[in-house]
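I opened my notebook to look a few things up in this structure. Here is what I went after, entry by entry.

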Amino acid sequence: MPDIRILDSHVADLIAAGEVVERPASVVKELMENAIDAGAAKVSVEIANGGMTLIRVSDDGCGIPADQLQRAFVRHATSKLRTEYDLEAIGTLGFRGEALAAIAAVARIRVTSRTADADLGAVLKLEGGVAGQVEEAGCPLGTEMEVRDLFFNTPARLKFMKKDAAEGAAVFGMVQRIALAHPEVSIKFVRDGRQELLTPGDGQLQSAVYAVMGRDFALGFVPVRGSGEDMTVTGFTTLPTCCKGSRNYQHFFVNGRYIKSRTMTAAVEEAYANRRMVGKFPGCVIHLQTGLNKVDVNVHPAKTEVKFLDERQVFSAVYHAVMAALDGEKQHPAAVMEKPKAHDTVTPNQIKFNATPIPKAEPKPVATSLPLHDFTAPKAAPVQKPAAPAPSRTAAPVSVTWTPPAEKPIPKVEAAPKAEPAPAPKVEAVPKAEPVVEVKEEPQEQPWKIAGELFDTYIIVQQGERALLIDKHAAHERMNFDRLKAEDYEPMVQQLLTPAVFTPAAQERQVLAENLTLLAKFGFEVEEFGSDALIVRQAPFDVGADDVVNTLTEIAAGLLTTGRADPSAARDHLLHTMACKAAIKGGWKSGPQELERVAKAVMDGSVKYCPHGRPVAIELTRKDLEKQFKRA
Ligand code: ADP
Ligand code: MG
């Protein structure tokens, strides 16, 4: 018969530690959240070797009194909760009283801390959960937690750690998300002695977004604000034209806490239905503020998943706010900013702790009063778009008629990208018998002329007894494609005034890094930058300076879908993306020379299909028209 025993507390701690402390990033998360709960205005995070040998988080928060230092590391020790009722309205980031105990169980810790009413601070060392003596120490106001040699006593866990670079990247991702969650806190990140992030902490989400996501990406954002029943939604979302090849740029926060939420993801993507290209996903930073009792954060040890009391309300509020943002001035009735009702008040023990993670009842109109142009820094030289006035960013070329659904069931996230992108057919596989196209080589060249343009999209060419409608984007894309594909192609390049540094998803970064030579051949000077970022110093002239990062992300997505194993497919993918980027778009105004150039390429037979195999022109004869008008 097996003997049933109660685990001793050390083993219990190790098991609990396994849930909370999975890797360095989870330690950083807990320590940063503690610092923010402590009311810090500045939080600094420093790591070495991906956080495996050192994690140091310092804050200028309220500090821990010397006589409570040891207690803070006891399991279920917390200053943030007292009774079971407090669990129904959690207003702090932490509450389980587990993190410090869990971290201490699997690392060596040195903590120094001083509260405002103490002249001297205190220091305490712990190793594998065993605390030493508290000693006096001179130190600034606030707390510094130094965590060394993570998992030194749990070799099984240590085995599962990835390379330092990967762990460091996960830490950085975590720091970035917390920075986006708390624009009111200035957050600094230093990796192996190099500072990689500093947010101003001015309370403006826009500033945090700018610091974290970079100028180029931030330029493609529109502000989001709206409200539903007892909830407000604020943030930023990408213009449909700036959508990304993956969901890695979607960040959701509830009451200042970073979360993963299928409902919110679905709501955002649903707002883009019919506006974004298939296979593209909006990027966004969306903050939802709601009553503390409307959301249960106590469903997961890492607290990244939450349960909403009413998922449908959340869906509707987010959906309408994003819709309104995309529709510009036109406001949806449900998305009108209204003064939110006072949310649940903070309980006394939370006040004592000076915890302020819940945004004020009246959210500042985050950055929405600033026109997006305030973001603008000098750009590189205008891009070669002959005679075509660049379309205004806000005028998304895709125009869609859209009726807001009355009450929609929450779509599954998986269903959101509806049609998966059909793999672009190889150019070699161009269908021979396209229905209508066939630009016939006339026996004797008949003169042709441009008779006009329809919808800023189709060029009308008249030649003898026939007329052609040319899709200017498709034709131009093909012209670019052929030009890029030519044996002797020499890219025209632009040096970027400010080199673009960006942090793609790990996979994207890897596939780009594998293809640096190919990218260089087409004018991209890309280098690895730190362990998880890339820097672009030079780009092809065909790509708008502020579209460089986007383009590379798209290229990465293309390479990931099919191009990985097959170098020629990889090359074609890159050509497709570049050709499309460099092409004039349907809906753009084009000058006469531009129309002429495109029409000429079609009329002299050098362009028949777009690189995806779609026709570039359809033909109408005088006879067809006469039949339609019943003249014949
Ligand atoms: P929790 O955050 O869930 O309360 P933790 O184990 O993370 O549990 O922390 C235990 C307690 O230690 C907290 O409740 C808080 O009182 C104190 N504490 C931890 N970190 C800090 C900090 N950086 N500044 C002030 N107090 C802190
Ligand atoms: Mg905590």
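This is a predicted model: local features need pLDDT of at least 70, side-chain atom pairs count only at pLDDT 80 or more; totals for chains, interfaces and linings use all residues.

**Entry 1: two loop residues.** I looked up N49 and found it in the loop between β1 (42–48) and β2 (54–59). N49 is not a glycine, yet its phi is positive, about 50°. Is N49 buried, partly exposed or exposed? Its relative accessibility is 35%, so I put N49 down as partly exposed. Next came D192, in the loop between β8 and β9 (194–198). D192 also has a positive phi without being a glycine, and the value is near 45°. With 51% relative accessibility, D192 counts as exposed, since the cut-off for that word is over 50%.

**Entry 2: the whole protein.** I stepped back for the overall numbers. The protein has 18 helices and 23 strands. It runs to 632 residues, and 51% of them count as buried. I checked contacts between residues at least 6 apart in sequence, and 72% of these join residues at least 24 apart. The accessible surface is about 30,000 Å², with 55% of it belonging to carbon and sulfur atoms.

**Entry 3: helix α6.** How does the span of helix α6 (residues 164–181) agree with 1.5 Å a residue? Its 18 residues should span 26 Å, and I find the end C-alpha atoms 25 Å apart, which agrees. The expected span is 1.5 Å times one less than the number of residues. I then looked at burial: 14 of the 18 residues of α6 are buried, so the rest of the structure largely encloses this helix.

**Entry 4: aromatic pairs.** I found four aromatic pairs in the structure. One of them is F172 with F189, a stacked pair with 5.0 Å centre to centre and 10° between the planes. F172 belongs to helix α6 and F189 to strand β8 (residues 186–191), so this pair links distant parts of the chain, 17 residues apart. F172 counts as buried at 6% relative accessibility, and F189 is buried too, at 0%. For F221 and F236 I noted ring centres 6.1 Å apart and planes at 50°, so I call that pair tilted. F221 is in strand β10 (residues 221–228) and F236 in strand β11 (residues 231–238), so the pair ties together parts 15 residues apart in sequence. F221 and F236 are both buried.

**Entry 5: charges over rings.** I went looking for arginines over aromatic rings. R177 has its charged end over the ring of Y258, 4.4 Å from the ring centre. R194 lies over the face of F529, with 5.6 Å to the ring centre.

**Entry 6: K472.** Is K472 buried or exposed? K472 counts as buried, because its relative accessibility is 0%. What does the side chain of K472 reach? I traced it to the backbone oxygen of W588, at 2.5 Å. Leaving aside neighbours within four places in sequence, the contacts of K472 include E453, D456, T457 and I459. I also listed I584, K585, W588, K589 and S590 among them, along with L595 and V598.

How values were computed: Residues are numbered from 1 along each chain as its sequence is written. Chains are lettered from A and ligands numbered from 1 in the order in which they are written. Side-chain values use heavy atoms; hydrogens and water are left out. Helices (H or I, at least four residues) and strands (E, at least two) are DSSP runs, numbered from the N terminus. Buried means under 20% relative accessible area, exposed over 50%, partly exposed in between (1.4 Å probe, protein chains only). Rings of Phe, Tyr and Trp (its six-membered ring) pair if their centres lie within 6.5 Å; planes under 30 degrees apart count as stacked, over 60 as edge-to-face and the rest as tilted. A charge sits over a ring if NZ of Lys or CZ of Arg is within 6 Å of the ring centre and within 35 degrees of the ring normal. A polar contact is a pair of N or O atoms within 3.5 Å; within protein, one must be able to donate a hydrogen and the other to accept it, and residues adjacent in sequence count only if both atoms are side-chain atoms. Contact means heavy atoms within 4.5 Å. Accessible areas come from the Shrake-Rupley method with a 1.4 Å probe; for residues, only the protein chains shown count as cover.
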